[in-house]
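Here is a short report on a two-chain model. It covers the interface, then one chain and one of its residues.

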Number of protein chains: 2
Amino acid sequence: MLVDTRSCESSAHACSHKRSEDGCADCKVRLISVCSVLALAELEELELLSQHLSFEKGQALFGQGEAANSVYNVIEGALRLTRLLPDGRRQVMGFALPGDFLGLALQERHSVSAEALGPVKTCRFGRHDFAAVVEAKPHLLRSLHERAGYELNLAQDQMLLLGRRTAEEKVAAFLLSLRDRFARTGRCSVTVELPMGRQDVADYLGLTIETVSRILSRLDRAHTILVVPGGVRLLDQDRLRRLAAS
Amino acid sequence: MLVDTRSCESSAHACSHKRSEDGCADCKVRLISVCSVLALAELEELELLSQHLSFEKGQALFGQGEAANSVYNVIEGALRLTRLLPDGRRQVMGFALPGDFLGLALQERHSVSAEALGPVKTCRFGRHDFAAVVEAKPHLLRSLHERAGYELNLAQDQMLLLGRRTAEEKVAAFLLSLRDRFARTGRCSVTVELPMGRQDVADYLGLTIETVSRILSRLDRAHTILVVPGGVRLLDQDRLRRLAAS
DNA sequence: CGTAGGGTTGAGAAAGTTCAAATAATGTGG
DNA sequence: CCACATTATTTGAACTTTCTCAACCCTACG
């Protein structure tokens, strides 16, 4: 085979349009992305506006407060969405996985920074282009709105976690929720991959890196989990659920 | 004048439709609510589906997890939006003020409980009725979506606050943000009314009631604010801004 | 083999919490 | 309008949890 339909491996920058070989119809995340509500004809229309973009570990897709010129579908990899306080304190607002859409709100400016946690593949649109399509397709807007509602829900979960849970509850709840999210995109559900570093977890849970590390160690010693390189194996999910207090 | 256009003062329960005297066109919050995007003809259409509902202090509009049969425009008063942990720990997700819309996401079930902090007047719609109108009016959906984006922003602000700010920063930021919100609905901006109790503030900021009280006292002693019954007077807003670290 | 970047562990400090008690506000019936 | 009951708020002291700072370990990699 001369033509690899998934050959769009540009190193960190836009690859040219190869629509005929790598179209939306074959998109790995089509059915779990906003695009799932589009008919094939509509997909083709959108496809003309799209561009595949890859990013390396650590690369920023955009920064908090920047003009939102682009919006993205995440196809592969994981991202960290963060906000900063003027003095450098950081809060991770969430992690984006395949099927997630960045720029959901279609706002003027990005409200968070987005950085790749590893190699990431995205499907990029100009915001105005995309907004124009949305304008013409109310059901797409409806899909975005549904997602926004879902995001709002997650944000509320996280507020409850940040405001009212103990460190141990936070870590336990985090592991379980990450497992659930991976499960939805069809990953193994016993071993939870942690594509982010300890500092990211800490900044997500409103803890310090030391506290996260200590609690993981403690859960490991209690045989509730097994800490392995690059992830965690959930040995006793029931106990974890009890610890998470949810 | 025989007809008072704002006479709909039912005590805690639905008042009958008096559309001719108290219509959307005269609505106090029309210009700051989702309805601001509607033309007069559209308003009249919506008006037929609406119903004024009042609530007493402490009354619940709906509870977390309940089927969302209704959505509401807040016309007057203030509400507390909360989530509970199974063991009773509570997180206040936000406070709704006049012009706010409850049920923005149009989801099956309410993701929070909503309780009146004092006398509240609302404009109620059946969710399905409202959703049908939204379906027919993409610009209304667009307005809802914009609001959802704004809510998402606020939620992210709050996550940053909950996860990374100190108690003093939390309280200072809270007072300033409340002042800003009241300012947008045209209230005095030196004396900030606090329609919620200390426990509500604590549950909003992820603190205990004692800590909130102590910090307010400390700010008072430092002449940064003046604690008065039912509110707070901001004496030194610059210092407050510095304390808020934003 | 040495170095760099994560990650883990320990000891002491600090920010908040908890528990208890005192002090305001608020509402109620006489 | 007052006395009392009730609820909300404030304050203090002891205690916990989490943070800070410092050292150490491990793995990957040149």
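Which residue of chain A forms a salt bridge with Arg142(B)? The partner is Glu135(A), with the closest N and O atoms 4.0 Å apart. A salt bridge here is a side-chain nitrogen of Lys or Arg within 4 Å of a carboxyl oxygen of Asp or Glu.

This is a predicted model, in which local features need pLDDT of at least 70, side-chain atom pairs count only at pLDDT 80 or more, and totals for chains, interfaces and linings use all residues. Residues are numbered from 1 along each chain as its sequence is written, chains are lettered from A in the order in which they are written, and side-chain values use heavy atoms, with hydrogens and water left out.

**Interface**

| Item | Count between chain B and chain A |
|---|---|
| Salt bridges | 8 salt bridges |
| Polar contacts | 25 residue pairs, both at pLDDT 80 or more |

A polar contact is a pair of N or O atoms within 3.5 Å; within protein, one must be able to donate a hydrogen and the other to accept it, and residues adjacent in sequence count only if both atoms are side-chain atoms. On the side of chain B that touches chain A, α3(B) gives the most, with 20 residues. That side divides into 21 nonpolar, 12 polar and 11 charged residues. Nonpolar covers Ala, Val, Leu, Ile, Met, Phe, Trp, Tyr, Cys and Pro; charged covers Asp, Glu, Lys and Arg; the others, Gly among them, are polar.

The two chains bury about 3900 Å² between them, 60% of it on carbon and sulfur atoms. His145(B), Met159(B) and Arg164(B) supply 20% of the area that chain B buries against chain A, more than any other three residues. Buried area is the accessible area (1.4 Å probe) that two parts lose on being put together, summed over both.

**Chain A**

Chain A has 7 helices and 11 strands. These are DSSP runs, numbered from the N terminus: helices are H or I, at least four residues, and strands are E, at least two. The C-alpha trace spans about 55 × 45 × 30 Å along its principal axes. Of the 246 residues in chain A, 54% are buried.

**Thr211(A)**

Thr211(A) lies in helix α6 (residues 209-221) of chain A. Thr211(A) is partly exposed, with a relative accessible area of 24%. Buried means under 20%, exposed over 50%, partly exposed in between (1.4 Å probe, protein chains only). The side chain of Thr211(A) makes a polar contact with that of Thr208(A), at 3.0 Å.
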